[in-house]
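Please take me through this structure stop by stop. Tell me what to select next and what is there.

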Amino acid sequence: MPFKRPLSSSDDSESNDERQDNTILVYILRAKIHPETMSELASLVENYQFERVNNRPSERNLELTADVEKADIIVTATNMRQRLERHIDWRIAKTKPIVSPSWLRDSVKSGRPLPCGSYVAVHDLDDETLRICDIAQHTPSGSSSEKETSWQTELDEPVDAAEVESLSYDAKYSCLRPSPLVCPNQNLVKELDVIRRGRNVEGEERSMLSYSRAISVIKAFPHVITEHNIQGLHELPFLGEKILSMIEEFLKAGRITEAQTILGDPRFQSLSAFITIHGIGPHSARRLYDLGLRTLEELERYYEVKPGVSDEETMSLLDAEASANKEAAVEQSIKIGLALRHDLNQTIPREEVEAINRTIMQELGHIQKGCKSMIAGSYRRGKLQSNDVDIVITHSDWNSGSQKVKGLCKKLVQRLHEQGLVTHVMHLSGFHEHDALRMHHWDSLEKALTVFVWRHDSQPRRVYRRVDLIFAAPEVFWTAVVGWTGSTMFERDLRLWAKQQKGMKFDSSGISRRRDSKLYHPRTERDVFKVLGLVYIHPTLRNADA
Ligand code: ATP
Ligand code: MN
């Protein structure tokens with residue numbers, strides 16, 4: 001577990017509190033905390049007992065202390081050293097983890113004390129807080145019966161209303177705009193998205209991008225569009241005359257003729273069905289269509305696939321990194337996708353996404369202790385149903401984590417396979433990849449696109465799910481999380497913003513400055529935004545696609 005009480009001379013058996021060894025003493029610094037918040041935090045501490053650790057009841061408890069010297073952790077809303085020093089002796093401050101109130105809220109929410117890495121309150125004490133946490137994590141626990149929880153899931157903080165206020169919906173880049181999952185003009189967005197999809201299957205990329213951009217601007221527009229305010233849309237970026245006239249048509253008729261024509265087009269219907277299969281992109285879809293194929297059943301016959309039956313030998317793709325035969329690998333993944341399409345094309349509810357993450361991280365705990373994960377993708381953006389599960393994994397130890405995650409992806413996939421939880425690996429990569437644009441060797445993103453199978457809860461049979469596992473060294477964990485949270489337009493604009501406005505390069509495996517290749521190692525997700533000169537945007541407001 002992340003916490004063991006640091007040894008302190010004043011903290012001995014003479015002390016009055018008869019607390020158990022597992023109790024974490026919390027000192028809340030009142031300064032700068034509103035009285036209401038103070039009582040909220042105090043009651044969180046007082047009412048909460050961490051209930052379950054590794055599905056076993058835990059005696060771990062939180063307790064308030066008024067004596068900062070005895071505290072195991074200090075919670076404060078202050079982030080300046082000078083202010084903190086007015087209330088707490090600097091020598092003491094340096095020996096304790098000092099965290100923001102979100103640590104308390106998130107720990108209580110997740111039912112266990114979280115590592116403090118993401119919650120460092122005073123940046124002057126970054127290193128101290130992290131070091132203390134690290135030491136705490138690696139000191140053998142006082143009670144030998146207590147096994148370390150070897151993984152935990154990072155949780156998102158709540159949306160900060162003031163921060164959202166400071167964003168502007170008419171900005172040029174979607175990474176500057178707040179884009180909710182469902183917007184006030186969602187039906188219009190859906191209609192325009194039909195046209196975008198039409199362009200996509202036909203390979204008309206420029207036109208597709210225009211629709212994507214228009215959609216993402218409308219996603220962030222906070223008012224219902226009516227005849228009265230439609231003139232105002234001229235001020236927004238990326239809404240050209242053609243799209244504005246489509247919006248007008250939609251306002252009058254409730255639909256857009258071109259979208260309706262596309263929907264009714266048998267070619268569009270075939271191509272759209274084809275691209276739901278993993279491994280088939282628009283280009284292959286058109287090739288298959290040109291061969292005269294029209295339905296998924298016809299594709300099955302073409303690829304000689306029996307529905308529901310898949311070749312379990314595809315784990316040999318684990319060695320695909322060594323094999324140069326990319327085409328064969330793609331064909332294999334199309335066959336898997338086709339055979340299992342009745343499951344894989346079903347969406348996955350949030351609760352099952354979480355259960356899959358827990359199961360996978362528990363398996364990982366058998367190979368490597370101390371890892372942590374973040375579920376990214378559409379789940380993190382707040383979608384109730386996801387098409388797949390994207391899990392970004394790292395090790396909690398900032399200093400040694402990089403070594404510890406190396407090679408872990410393949411080991412985990414092998415273990416999941418042995419446990420009967422992964423049947424196929426569509427793609428495994430990243431071990432020796434070298435990014436030519438960087439001075440350093442960025443082999444930090446190992447990833448496996450897998451087919452996971454299990455019987456969840458009371459489901460009548462086993463179901464196949466697409467699960468992507470992405471491994472990142474701690475230095476690039478948060479860039480990987482940002483890169484895999486999406487949405488697609490948000491990601492595209494993050495890269496563009498970094499390049500055009502900041503002279504930087506952003507991708508899932510890191511941030512660098514172009515002129516001297518300086519690398520940035522953000523310690524939190526907020527830091528990723530800060531480094532890129534952006535206001536933080538909550539994951540649920542990164543829905544810049546339809
Ligand atoms: P859903 O899975 O429910 O359809 P999603 O938004 O999670 O929606 P994904 O295709 O799973 O969509 O992708 C999640 C995010 O991860 C995307 O926004 C994309 O930016 C990123 N991503 C996907 N594939 C890669 C990849 N190979 N390399 C880097 N980033 C990727
Ligand atoms: Mn996804």
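Select Arg 542 and Glu 525. Both residues are buried, and burial here means under 20% relative accessible area. This is a predicted model. Show the two side chains: they meet in a salt bridge, N to O, at 3.1 Å. Arg 542 lies in the segment after α22, whereas Glu 525 is in helix α22 itself (525-531), so the pair ties together parts that are 17 residues apart in sequence.

Together with Glu 525 and Arg 542, they are linked in a network of salt bridges.

Select Arg 465 and Glu 352. Are they buried or exposed? Both are buried. Their side chains meet in a salt bridge of 2.8 Å, again taken N to O. Now colour the elements they sit in. Arg 465 belongs to strand β14 (residues 463-471) and Glu 352 to helix α16 (residues 350-367), so this bridge ties together parts 113 residues apart in sequence.

**Next stop: a partly exposed pair**

Select Arg 513 and Asp 516. Their side chains form a salt bridge as well, with 2.7 Å from N to O. Arg 513 is partly exposed, at a relative accessible area of 21%. Asp 516 is partly exposed too, and its value is 37%. Why does Arg 513 not count as buried? Buried means under 20%, so 21% puts Arg 513 in the partly exposed class.

Zoom out for a moment. How many salt bridges does the structure hold? It holds 25.

**Last stop: ligand 1**

Select ligand 1. It sits in the largest pocket. Which elements give two or more residues to the shell around ligand 1? They are α17 (377-380), α20 (474-485) and α21 (488-502).

Now select the surrounding residues. There are 15 of them, and the closest are Ser 378, Arg 381, Asn 387, Asp 388 and Asp 390.

Look at three of these in turn:

- Ser 378: an N or O atom of its side chain is 2.6 Å from an oxygen atom of ligand 1.
- Asn 387: here the distance from a side-chain N or O atom to a ligand 1 oxygen is 2.8 Å.
- Asp 388: a polar side-chain atom lies 2.6 Å from an oxygen atom of ligand 1.

Finish with the ligand's surface. Taken alone, ligand 1 exposes 610 Å², and the protein buries 66% of that.

Note on methods:
Residues are numbered from 1 along each chain as its sequence is written. Chains are lettered from A and ligands numbered from 1 in the order in which they are written. This is a predicted model: local features need pLDDT of at least 70, side-chain atom pairs count only at pLDDT 80 or more; totals for chains, interfaces and linings use all residues. Side-chain values use heavy atoms; hydrogens and water are left out. A salt bridge is a side-chain nitrogen of Lys or Arg within 4 Å of a carboxyl oxygen of Asp or Glu. Helices (H or I, at least four residues) and strands (E, at least two) are DSSP runs, numbered from the N terminus. Buried means under 20% relative accessible area, exposed over 50%, partly exposed in between (1.4 Å probe, protein chains only). A residue is near a molecule or strand if one of its heavy atoms lies within 4 Å of it. A polar contact is a pair of N or O atoms within 3.5 Å; within protein, one must be able to donate a hydrogen and the other to accept it, and residues adjacent in sequence count only if both atoms are side-chain atoms. Accessible areas come from the Shrake-Rupley method with a 1.4 Å probe; for residues, only the protein chains shown count as cover. On a 1 Å grid over the protein atoms alone, a cavity is a set of points where a 1.4 Å probe fits but cannot get out, and a pocket is an open set with protein on both sides within 12 Å along at least five of seven lines; lining residues have an atom within 4 Å of a point. A molecule sits in a cavity or pocket if more than half of its atoms lie within 2 Å of its grid points.
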